[in-house]
Amino acid sequence: MASKSALITGITGQDGSYLAESLLSKGYNVYGLVRRLSSPNISNIEPIRHSVEILDGDLIDQSSLNQAVLQSQPDEVYNLAAQSFVGTSFKQPALTGEITALGTLRLLEAVRSHAPHARFYQASSSEMFGQVGEEPQDETTGFHPRSPYGVAKVYAYWACINHREAYSMFVSNGILFNHESPRRGLEFVTRKISHGVAQIAQGKADHLVLGNLNAKRDWGYAPEYVDLMWRILQHPTAEDFVGATGESHTVREFVEEAFKVAGVADWEEYVTSDERFRRPAEVYNLRGNASKAQRLLGWSPTTRFRSLVRIMVKAEMEQTSGK
Ligand code: NAP
Ligand code: F7E
């Protein structure tokens, strides 16, 4: 049987790079959409850059998406590209809407025109739940987004369902809770902490400034979540699934555990909280229920909170010490 082809938008990001590796190991032909930057940002895909086909394109530009779909003739499309940082979405709300909301619609339209039988995965987010009215959150929980990012993801989520219903396309949402790794961007809180703690442990920094230490998140390990994305598209019918660990912890607990792993006592001496890193509207508490994914897809994450912190801090200590 001929190999399947997959088109990944956001291949240079955390999830895109893990997903590309996973699909290559399954024998897929992998195409990655990459936008033009003044300095290329390909460190995450450096080891596999010769095994994947890079296509120029931007979620803001319809014709580049049409071309990417035509060139790749995908069996599966994974839409992982987004302006994905909630903090920036408050500063650049219209750009976030252009990329994260309308960009998804543009890609759906490109697939509808040029590969209507392709299966389409949308990177939906627990940030859509926002100000939650029930705990834990699952596929039936209502949305109350609390940021321009969350609002844009709600638009994209419904655009996907509308294409599924209006045009009988195979479009599925993965509503994934936070998932992290050493490839996480430095501005996200887990990586900011693991990086900051490693710097402090090695005497290269003497403090770490954060925002709201009381926020709670359901943090999982990214490589396990890209496996869920693939499983969602192998399911016989297009449906939406939550991906989560079912456990939530505060930012403060993440900090405490990270200092413990790094072997630095008295974390409170190094960490301060500053308004600069607080958001105009906060999502205080998220915890997911992934029992549908467990039941129908056989997916359950195995990396728990303390192992995740350990993976991230150890990777950072090695990098910071130049090993
Ligand atoms: P990420 O590391 O920030 O990666 C985002 C990717 O999108 C990067 O490859 C980026 O390219 C690309 N991109 C941004 N703007 C673009 C544009 N205009 N056109 C084309 N590509 C563009 O994000 P991630 O953590 O891997 O997350 C993947 C997806 O899942 C995102 O849609 C995110 O919103 C969503 N999500 C993430 C989580 C999580 O916890 N990680 C949870 C739920 C949902 P550059 O390298 O050029 O910047
Ligand atoms: O913040 C608090 C902050 O920026 C987590 C994205 O992948 O997951 C991510 O969004 C929490 C928030 O991630 C700092 O206020 C405290 O309550 O790491 P984050 P996020 O906003 O949860 C979802 C599921 C996505 O879909 C998004 O794309 O931590 N916090 N102090 C801080 N956050 C940051 N960034 N920096 C701080 O100093």
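In this predicted model, the count of salt bridges comes to 18, a salt bridge being a side-chain nitrogen of Lys or Arg within 4 Å of a carboxyl oxygen of Asp or Glu. Residues are numbered from 1 along each chain as its sequence is written, and chains are lettered from A and ligands numbered from 1 in the order in which they are written. Local features need pLDDT of at least 70 and side-chain atom pairs count only at pLDDT 80 or more, while totals for chains, interfaces and linings use all residues, and side-chain values use heavy atoms, with hydrogens and water left out.

One of these bridges joins the side chains of D240 and R164, with an N to O distance of 3.0 Å. Because D240 lies in the loop between helix 7 (222-234) and strand 11 (241-243) whereas R164 belongs to helix 5 (residues 148-167), the pair ties together parts that are 76 residues apart in sequence; helices (H or I, at least four residues) and strands (E, at least two) are DSSP runs, numbered from the N terminus. D240 has a relative accessibility of 9% and counts as buried, where buried means under 20% relative accessible area, exposed over 50%, and partly exposed in between (1.4 Å probe, protein chains only).

A salt bridge is also formed by E316 and R191, whose closest N and O atoms are 2.9 Å apart. This pair links distant parts of the chain, with E316 in helix 10 (residues 305-320) and R191 in helix 6 (residues 189-201), 125 residues apart, and both E316 and R191 are buried. For the salt bridge between D274 and R276, the closest N and O atoms are 3.5 Å apart; D274 is partly exposed at 28% relative accessibility, while R276 is exposed at 57%.

A network of salt bridges links E127, R217 and E282. R217 is also among the residues touched by Y284, together with Q131, R146, N212, N214, A215 and K216, when residues up to four places away in sequence are not counted and contact means heavy atoms within 4.5 Å. Y284 and R217 are 67 residues apart in sequence, yet their C-alpha atoms lie 8.1 Å apart in space. Y284 itself is placed in the loop between strand 13 and helix 9 (291-297) and is partly exposed, with a relative accessible area of 47%.

E268 lies in the loop between helix 8 (251-262) and strand 13 (271-273) and is exposed at 59% relative accessibility.
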